[in-house]
Amino acid sequence: FQDQAEQFFRSGHTNNWAVLVCTSRFWFNYRHVANTLSVYRSVKRLGIPDSHIVLMLADDMACNPRNPKPATVFSHKNMELNVYGDDVEVDYRSYEVTVENFLRVLTGRIPPSTPRSKRLLSDDRSNILIYMTGHGGNGFLKFQDSEEITNVELADAFEQMWQKRRYNELLFIIDTCQGASMYERFYSPNIMALASSQVGEDSLSHQPDLGIGVHLMDRYTFYVLEFLEEIHPASQTNMNDLFQVCPKSLCVSTPGHRTDLFQRDPQKVLITDFFGSVRKVEITTEALSLDQNVTGFESKFPEEELATEPLKYAEQLPVAQIIHQKPKQKDWHPPGGFILGLWALIIMVFFKTYGIKHMKHVF
Amino acid sequence: MAAPLVLVVLAAVTVRAALYRSSLAVFIAERVEVASPLNAWKRVVEGLALLDLGVSPYSGAIFHETPLIVYLFHFLIEYAELVFMITDVLTAVALYLAIQDFNKVVFKKQKLLIELDKYAPDVAELIQTPMEMHYIPLKVALFYLLNPYTVMSCVAKSTCAINNSVIAFFILATIKGSAFLSAVFLALATYQSLYPVTLFAPALLYLLQRQFIPIKLKSKSFWLYTMQYASLYLCSLVVIICLSFFLLNSWDFIPSVYGFILSVPDLTPNIGLFWYFFAEMFEHFSLFFVCVFQINVFFYTIPLAIKLKEHPVFFMFVQLAIISIFKSYPTLGDVALYMAFLPVWSHLYRFLRNIFILSCVLIFCSFLFPVLWHLWIYAGSANSNFYYAITLTFNIGQILLISDYFYAFLRREYYLTHGLHLTRQDGTEAMLVLK
């Protein structure tokens with residue numbers, strides 16, 4: 001009984017979100033887009049709907065003029081698996097994938113005109129999966145070949161999310177070179193992080209496809225996906241298994257993870273807590289009756305007659321005043337000592353050059 | 001010669017007034033080629049507005065003018081256009097008078113050397129005659145006033161015109177021989193933009209020549225005169241700086257003006273060489289390269305002084321050109337100043353080798369500046385490399401122009417003393433090469 005109760009209260013989340021970011025553009029970074037789309041596909045398969053996924057792709061590979069197979073993005077060589085299709089909803093595309101937009105999505109500081117599909121509408125019962133891929137270095141991740149996000153900024157963004165109660169638990173996965181440096185600075189609770197390589201190591205790409213001409217996937221994400229293919233919504237696989245994915249022999253780099261900020265034991269955290277959208281349903285046999293005769297709701301506040309005057313806009317720019325304005329009085333004047341000194345000097349120079357004899361003409 | 005000069009002045013003033021009233025005035029005022037962070041009119045207005053609000057104009061790295069300019073424009077800001085037109089006219093008149101005097105000096109020296117038989121027998125065609133030199137002062141004034149660069153600079157109301165005018169007065173004072181006035185104007189010019197300090201050497205050489213003091217390092221009279229002139233210059237500089245302190249009761253202007261000129265923090269594109277280089281440089285190298293670039297401006301003074309010690313006015317021309325090419329924020333107004341001197345060396349025309357190509361380069365680059373700016377900033381189909389390429393080409397054109405004139409000048413001097421037909425030891429015709 002204790003076990004069952006514990007099982008029920010394993011995780012306090014009620015909804016799942018995913019933010020999947022590919023930060024590189026240009027054709028030769030095909031693999032980053034393929035990485036992100038593969039994770040998108042898995043996450044959707046496991047139940048997270050498009051309305052809860054914020055997908056940011058910095059470049060369009062499917063319709064890239066250099067793509068020999070247009071409208072496809074393959075993630076296995078020999079074109080086995082097409083991760084693109086007409087059910088892929090990209091929320092931030094091309095030049096919209098910037099550090100500023102990414103941070104705005106995370107912190108929720110978004111202009112009011114942003115459509116719902118571009119917002120991360122999470123609350124304090126949301127588990128969020130954040131997956132980032134691209135080119136990175138020690139302490140930064142490069143966006144679009146023109147700007148970077150640093151690990152400090154990312155940590156501060158997560159702290160803002162925590163303080164605004166925007167997540168219950170957060171899983172951060174990053175597949176870039178020296179990826180472990182990106183999670184070094186996190187300091188907010190309930191964050192678990194995985195990275196494809198340690199500081200000083202490069203993450204390597206997996207399979208080049210000779211038909212397409214570029215590398216299709218990165219190693220770490222490839223093996224993570226192989227792992228995820230075996231997960232289904234009811235599986236009980238936990239995070240410790242995810243940490244074992246892609247050992248050094250397969251990945252060449254050493255994947256890292258960080259669980260010190262996470263309050264639960266990783267053993268007890270299910271993969272589907274982050275990658276899937278598993279709802280908890282409690283079936284009850286009790287009946288609840290709704291009272292038919294509910295008395296009219298009495299307004300507590302008596303209606304007052306507000307003294308209404310005709311509404312009008314305040315005078316924004318007093319045009320009439322401006323066009324008839326007199327020129328402003330200058331408030332600053334040079335000090336008297338300065339003027340005296342300057343003119344004395346000028347007169348001295350004049351008399352020195354042209355002789356004292358002119359003095360008598362002045363006086 | 002007064003009447004043609006007045007006509008030229010009238011024509012220039014008309015052109016400028018017409019441009020002020022047209023819609024081009026706003027367009028030209030925003031061009032980066034004429035308005036640099038040091039001398040843009042917008043910034044002067046901003047600084048004065050800040051002063052009216054009770055804040056020091058040097059707060060905020062917008063205003064980089066000297067306090068004397070603040071004083072000048074505090075009262076004259078409503079008549080700004082008139083001020084700039086008058087400044088241009090004054091510069092032209094000063095150059096006119098200076099070149100008139102300089103021509104007299106040239107004749108006297110030529111006559112002396114002919115009587116002393118210093119010239120070779122067959123160089124009659126190289127000697128300058130009064131007939132051909134009669135119109136040179138007018139041409140100088142014309143070149144300055146009607147040069148499109150000057151007109152654009154004036155319409156943009158860039159304070160470079162004031163700097164040019166001070167330098168022109170300095171040249172007039174030097175050529176007239178008044179060491180005191182020359183030191184005062186040089187101090188004013190240095191006070192405003194720092195680089196004219198290199199003009200100290202040619203001015204000193206000219207004044208020594210005029211006093212017939214030989215330029216030998218061991219001669220006591222040489223050192224005495226040098227000390228006198230240097231002390232005049234330094235004292236006036238110190239007096240001007242202390243006076244500026246009293247205007248705003250603070251030393252703020254020193255880092256804002258001189259610190260700004262020397263450390264080049266603002267990397268807005270201009271026609272100079274600094275901005276692109278420093279835009280893509282890592283922080284820890286920037287100090288080193290700033291020092292290298294600034295030394296480059298001052299570096300040519302001593303070698304040129306050694307080579308051109310007999311010809312200080314040509315030295316001054318070359319030095320002005322070097323300042324306007326290598327300074328940290330050059331504008332077309334600086335270019336216009338040294339170009340005004342080109343008629344003085346028109347007798348060198350037969351020795352100039354690349355003048356056609358160079359003039360084409362300079363003209364094309366001047367037209368391409370706004371085109372590539374538009375392509376880069378507005379159309380987005382070019383990038384800063386394109387604009388920098390034109391900047392580079394323009395500067396290379398200027399440098400080659402100066403070295404061409406330098407070569408032609410030295411060649412003529414050599415021919416004057418060694419005869420026009422040079423032969424090698426075996427009797428074949430020889431060519432002079434600048435090594």
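**Figure 1. A cluster of aromatic rings in chain B of a predicted model.** Ring pairs join B:Phe102, B:Phe314, B:Phe317, B:Tyr338, B:Phe341, B:Trp345, B:Tyr405, B:Phe406 and B:Phe409 into a cluster. Rings of Phe, Tyr and Trp (for Trp, its six-membered ring) pair if their centres lie within 6.5 Å; planes under 30 degrees apart are called stacked, over 60 edge-to-face, and the rest tilted. Over all chains, this rule gives a count of 56 aromatic pairs. The model is predicted, and local features need pLDDT of at least 70, side-chain atom pairs count only at pLDDT 80 or more, while totals for chains, interfaces and linings use all residues. Residues are numbered from 1 along each chain as its sequence is written, chains are lettered from A and ligands numbered from 1 in the order in which they are written, and side-chain values use heavy atoms, with hydrogens and water left out.

**Figure 2. Two ring pairs of chain B.** A pair of aromatic rings is described by the distance of the centres and the angle of the planes. By this rule the count comes to 56 aromatic pairs over all chains. The pair of B:Phe277 and B:Phe278 is edge-to-face, because the ring centres are 6.1 Å apart and the planes stand at 75 degrees. B:Phe277 is partly exposed at 30% relative accessibility, whereas B:Phe278 is buried at 9%. Here buried means under 20% relative accessible area, exposed over 50%, and partly exposed in between (1.4 Å probe, protein chains only). The pair of B:Phe314 and B:Phe406 is stacked, because the centres are 6.5 Å apart and the planes are at 10 degrees. This pair links distant parts of the chain: B:Phe314 belongs to helix α17 (residues 312-326) and B:Phe406 to helix α20 (residues 384-418) of chain B, 92 residues apart. Both B:Phe314 and B:Phe406 are buried.

**Figure 3. A nonpolar patch on the surface of chain B.** B:Val15, B:Leu142, B:Phe143 and B:Leu146 form the patch, with about 300 Å² of accessible area together. Patches are made of residues with over 30% relative accessible area and no salt bridge, with like charges joined within 9 Å and nonpolar side chains (Val, Leu, Ile, Met, Phe, Trp, Tyr) within 5 Å. A salt bridge is a side-chain nitrogen of Lys or Arg within 4 Å of a carboxyl oxygen of Asp or Glu. Accessible areas come from the Shrake-Rupley method with a 1.4 Å probe, and for residues only the protein chains shown count as cover. Helix α7 (residues 136-146) of chain B supplies the largest share of the patch, 3 residues. B:Val15 lies in helix α1 (residues 2-21) and is partly exposed at 35% relative accessibility. Helices (H or I, at least four residues) and strands (E, at least two) are DSSP runs, numbered from the N terminus.

**Figure 4. The disulfide of chain A.** A disulfide joins A:Cys246 to A:Cys251, with 1.4 Å from S to S; the cut-off for a disulfide is a pair of cysteine sulfur atoms within 2.5 Å. The link is right-handed, with 85 degrees about the S-S bond. A:Cys246 is buried at 4% relative accessibility, and A:Cys251 is buried at 1%. The whole structure holds 1 disulfide over all chains.

Figure 5. A:Ser75 sits in the loop between β2 (53-57) and β3 (92-93) of chain A. A:Ser75 is buried, with a relative accessible area of 2%. Leaving aside neighbours within four places in sequence, its contacts (heavy atoms within 4.5 Å) include A:Ser38, A:Leu81, A:Gln207 and A:Phe222.
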